[in-house]
Amino acid sequence: MNTAIAQALQGLIRNPVRTILTTLGIVIGIATVIVVLSAGQGFNSLIVNEIESQGVNSLTIETRVPPSTKQRASGSSDITQGSASAQGVIVTTLKNRDVEDIENLPNVSGAYGAVFGQQVVSFKNVSKSVNIFGAGPTRFEIDSGVIAQGRAFTEGEDNSLAQVAVLGYEIAQDLFGDSDPLGQNIRVGTNNFNVIGVYEKRGGLGTMGDDQLLYVPIQTAQKKLLGIDYMLFVLAQLENNELAEVTAEDVRVLLRANHGIKEEYMDDFLVNTQDSNLSTFETILSGITFLLIAVASISLVVGGVGIMNIMYVVVTERISEIGLKKALGAKNADILWEFLIEALLLTLLGGIMGIVAGSAVSYLIAQVAQSQGWAWEFTVPISAVVIAVGTASIIGLIFGVFPARKASLMDPIQALGHE
């Protein structure tokens with residue numbers, strides 16, 4: 001066996017360029033698997049951070065369009081406010097009273113309602129379109145973010161429709177640069193708002209990240225900016241997360257009573273716990289990861305075919321050598337193992353190079369994400385390495401056995417006479 005390994009290594013070293021090119025398909029496939037699994041872990045940490053930033057041990061209540069008879073018959077019944085708004089359907093039943101009642105439930109330590117809107121915000125010669133986040137003052141007790149400058153707005157300011165604002169980090173930078181924004185008046189639509197606070201840099205996804213939002217009291221947002229009296233969602237913080245499902249059911253019973261709903265299927269709201277939100281996300285992420293790995297496997301198969309083709313070429317080049325070895329007493333099994341080990345070493349080399357390349361790319365992705373302020377953890381899962389090494393070994397075995405077997409079955413006399 002040691003002799004077979006040594007001879008296989010000599011065969012690879014004799015043609016270094018061909019060896020590297022032969023493993024390229026394996027390298028790309030394995031690197032893709034590493035990147036997909038590593039990025040999946042990083043994206044998962046980002047989403048978990050986003051969910052937990054809303055408040056540890058919390059549940060969310062969002063509006064939902066009650067299904068029609070046709071939708072109930074087809075089983076398509078969960079139309080949330082986001083998708084409904086795109087169809088021109090608005091659910092207006094979630095009100096301030098609901099938030100107050102939810103706050104009084106057992107196991108609820110606090111709750112706030114929220115609305116979203118968009119306004120042009122300006123200060124002196126700078127103006128930009130900004131996403132407005134209207135929220136109850138309890139948000140600042142639940143939210144994990146830190147107000148780096150100034151303060152949050154109060155319940156009194158919310159009730160009095162005060163025109164005050166807390167800026168996300170990037171909004172403050174865009175409007176004021178290095179100047180102190182506290183106490184300055186900014187124009188929000190047609191109204192003047194006084195800046196009372198600025199969030200620290202938090203990072204976030206897309207244009208709805210926390211750094212790109214302007215926070216105002218919810219009643220001010222409803223009545224002075226948006227002209228509405230309802231909410232888009234409510235977030236409640238729980239005292240004991242182990243009772244999350246029980247509390248979620250309490251919320252459902254409460255809202256059905258408040259909204260006059262007699263049948264469960266007619267709910268105009270959805271209640272989601274953190275666990276259910278994470279479970280939904282993980283299901284989606286698993287499906288995407290499986291799809292990407294399936295695509296990467298095509299590259300692995302192509303790489304395996306390439307190795308098989310090259311091994312056939314190697315066998316043809318070394319026919320005379322095979323004949324000589326057999327004439328000197330080498331058995332079929334000896335020849336078989338020599339070429340099979342060479343194919344395995346090719347794929348393992350590709351696997352190692354793929355792991356290194358995939359880890360390097362994953363590290364760069366993590367660095368770019370972290371530079372954007374995202375809570376993206378760099379990690380190369382052990383499962384990814386196991387899959388990479390295992391896949392490379394299997395491919396080497398499957399695609400190497402055919403040319404190796406061909407070499408082992410050669411007639412020594414014919415082989416010696418080959419030119």
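**Notebook: salt bridges and a pocket**

R252 and E249 share helix α11 (residues 244–259), where they sit 3 residues apart, about one turn of the helix. I am working from a predicted model here, so every value below is a computed one.

Entry 1: I looked up how the two side chains meet. R252 and E249 form a salt bridge, at 3.2 Å from N to O.

**Entry 2: on to D267.** Which residue does D267 pair with in a salt bridge? The partner is R256, and the closest N and O atoms are 2.9 Å apart. D267 lies in the loop between α11 and β11 (269–273) while R256 is in helix α11, so this bridge ties together parts 11 residues apart in sequence. Are these two buried or exposed? D267 has 7% relative accessibility, so D267 counts as buried, the cut-off being under 20%. R256 has 14% relative accessibility and therefore counts as buried by that cut-off too. I then followed the shared partners: salt bridges join E249, R252, R256 and D267 into one network.

Entry 3: Next I turned to D229. D229 forms a salt bridge with K95, with 3.7 Å between the closest N and O atoms. The pair links distant parts of the chain, 134 residues apart. D229 is in the loop between α10 (218–226) and β10 (233–238), and K95 is in the loop between α5 (81–86) and α6 (96–103). For my tally, the structure holds 8 salt bridges, and the ones I wrote up are among them.

**Entry 4: the second largest pocket.** I finished with a look at open space. The second largest pocket has a volume of about 310 Å³. It is lined by 16 residues, and the closest to its centre are V99, E100, E103, E155 and D158. Which elements supply at least two residues each to this lining? They are α6, β3 (108–123), α8 (155–159) and α10. With 4 residues, α6 gives the most to the lining of this pocket. I sorted the lining by residue type as well: 6 are nonpolar, 6 are polar and 4 are charged.

Notes. Residues are numbered from 1 along each chain as its sequence is written. This is a predicted model: local features need pLDDT of at least 70, side-chain atom pairs count only at pLDDT 80 or more; totals for chains, interfaces and linings use all residues. Side-chain values use heavy atoms; hydrogens and water are left out. A salt bridge is a side-chain nitrogen of Lys or Arg within 4 Å of a carboxyl oxygen of Asp or Glu. Buried means under 20% relative accessible area, exposed over 50%, partly exposed in between (1.4 Å probe, protein chains only). On a 1 Å grid over the protein atoms alone, a cavity is a set of points where a 1.4 Å probe fits but cannot get out, and a pocket is an open set with protein on both sides within 12 Å along at least five of seven lines; lining residues have an atom within 4 Å of a point. Grid points are joined across faces, edges and corners, and a volume is the space filled by probe spheres set on the points. Ala, Val, Leu, Ile, Met, Phe, Trp, Tyr, Cys and Pro count as nonpolar, Asp, Glu, Lys and Arg as charged, and the others, Gly among them, as polar.
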